[in-house]
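Thanks for making the time this morning.

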Amino acid sequence: MERRATIKDVAEAAGVGVATVSRVLSGGSASPRTRERVLAVAAQLDYRPSALGRNLRQRRTGGMGLLVPDLTDTFYAQFAEGVLACARSAGEPVVLGSTGGDPEQEAELIGMLLEQSVDRLIAVPSGDEDTWAPAVRAGMTVVFADRLPARPFSEDDDPAAAAVNDLMLLDGLAAPPPAAHRPPELPSVLADDRAGIRTAVRYLRGLGHRRIAFLGGPGHDRRVAAFREAVGSPVDEELVVFGTGSRDSAYAAASGLFQSRPDLSAVVAGGNVLGEAAVLAARELDLRVPRDVSLVMYDDVPWAELCSPPLTVIAQPGRDMGYRAAELVLRSGGRRARSVVLPTELIIRGSCGPHR
């Protein structure tokens with residue numbers, strides 16, 4: 001029996017990425033030459049995604065998908081546990097996938113879930129709105145968590161203003177017209193990044209810190225926008241540093257920051273992988289915490305309390321976020337967009353001290 005062609009087969013034969021194939025087959029944006037090549041290869045391989053869409057619209061198979069960037073990340077493990085607990089109580093099976101924070105891999109997994117006729121999906125997105133268009137157009141119920149997919153960038157966009165506008169919308173405030181970024185159009189479960197980062201920066205300022213750095217990673221647009229808003233203008237851009245998401249990249253970013261700016265006195269790490277990297281880099285460089293540098297980490301994970309000294313953290317309710325996302329995807333039938341914003345909490349421990 002011949003194996004049926006998959007979206008990955010089409011992508012490899014056409015010499016493009018899986019996300020590009022998804023965009024072309026769902027009517028999204030692509031150059032005429034690329035569109036023609038993808039459609040020709042799809043026809044040659046007898047790949048028919050429209051049949052999958054009909055299956056989704058005509059019958060309900062049960063079960064839900066869950067996509068996260070990294071299953072080894074403690075926060076995502078807590079989040080997944082919340083999803084699984086809710087799904088278990090509802091008697092729903094869950095198909096779990098790790099995207100590695102790669103939009104191409106994410107698009108491939110979305111295609112796989114469509115082929116399996118999974119009709120509900122919870123995701124921490126890595127790709128932009130175009131990556132998610134095939135799932136939405138096929139009738140899949142999607143709930144985003146932790147962050148929202150980015151809009152495809154255009155030269156008229158202002159990413160910093162877009163992130164601030166999103167923060168204002170989630171805070172119940174009107175964004176200044178014209179809004180550079182649309183409010184969420186699909187249900188989502190998010191933590192209140194703005195309040196958490198703002199509280200942390202105010203706490204550090206109260207300890208006398210003025211040169212405060214931010215370590216960010218993929219998906220941290222709202223957190224870095226909240227940081228810039230909290231420190232105020234002018235922002236010292238050398239103190240806003242990003243890693244690509246891997247532990248090696250996070251360590252390189254933290255180490256480079258400490259060595260290039262020995263005058264900084266405090267760091268806010270945008271996630272637990274970045275916080276771990278900051279602790280390791282400080283130790284390698286013989287920086288004493290909090291005497292030489294104060295540290296605040298976004299995410300409360302078990303090892304944070306075991307550090308010496310224990311880390312001050314911005315705690316977000318990972319398990320609750322997962323449970324709420326599963327509740328939303330299970331009851332979402334009317335497609336009415338809804339966002340749930342859960343509170344964060346600053347937990348003060350021993351990694352912050354007065355500026356000397």
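Predicted model: local features only at pLDDT ≥ 70, side-chain atom pairs only at ≥ 80, totals over all residues.

Residues are numbered from 1 along each chain as its sequence is written, and side-chain values use heavy atoms, with hydrogens and water left out. The element names follow DSSP runs numbered from the N terminus, helices being H or I runs of at least four residues and strands being E runs of at least two.

The pair I opened with belongs to an open sheet of 6 strands, ordered β7-β6-β8-β9-β10-β12, whose pairing is mixed. Its edge strands are β7 (240–242) and β12 (345–347), each of which pairs on one side only. On average, neighbouring strands in this sheet are turned by 20° against each other, with direction ignored; for angles in general here, axes are lines fitted to C-alpha atoms, for helices over the stretch in contact, and the values run from 0 to 180 degrees between N-to-C directions.

Which helices lie across β6 and β9? Helix α9 (residues 193–206) lies across β6 (212–216), β8 (266–269), β9 (294–298), β10 and β12, and runs at about 170° to β9, contact meaning heavy atoms within 4.5 Å. Helix α10 (residues 221–231) lies across β6, β7 and β9, and runs at about 170° to β6.

Turning to the other sheet, 6 strands form an open arrangement in the order β2-β1-β3-β4-β5-β11, with parallel pairing. β2 and β11 (339–342) stand at its edges with a single partner strand each, so one side of each has no neighbour in the sheet. The twist from one strand to the next averages 15°.

Inside this sheet, strand β1 (residues 64–68) and strand β2 (residues 94–98) run parallel and are joined by 5 bridges, with Val-68 standing opposite Ser-98 of β2. Strand β3 (residues 120–123) pairs with strand β4 (residues 141–145) in the parallel sense over 4 bridges, and Ile-122 has Val-143 of β4 as its bridge partner.

Helix α5 (residues 74–89) lies across β1, β2, β3 and β4, running at about 175° to β1.

How does α5 pack against helix α13 (residues 318–331)? The two helices meet at an angle of about 40°, with their axes 7 Å apart. That makes α5 oblique to α13, given that angles under 35 degrees count as roughly parallel, over 145 as roughly antiparallel, 65 to 115 as roughly perpendicular and the rest as oblique. Among the residues that meet are Phe-75, Phe-79 and Cys-86 in α5, and Met-321, Tyr-323 and Leu-330 in α13. The residues of this contact between α5 and α13 divide into 10 nonpolar, 5 polar and 3 charged, where Ala, Val, Leu, Ile, Met, Phe, Trp, Tyr, Cys and Pro count as nonpolar, Asp, Glu, Lys and Arg as charged, and the others, Gly among them, as polar.

Definitions and conventions. Pairing = 2+ DSSP bridges.
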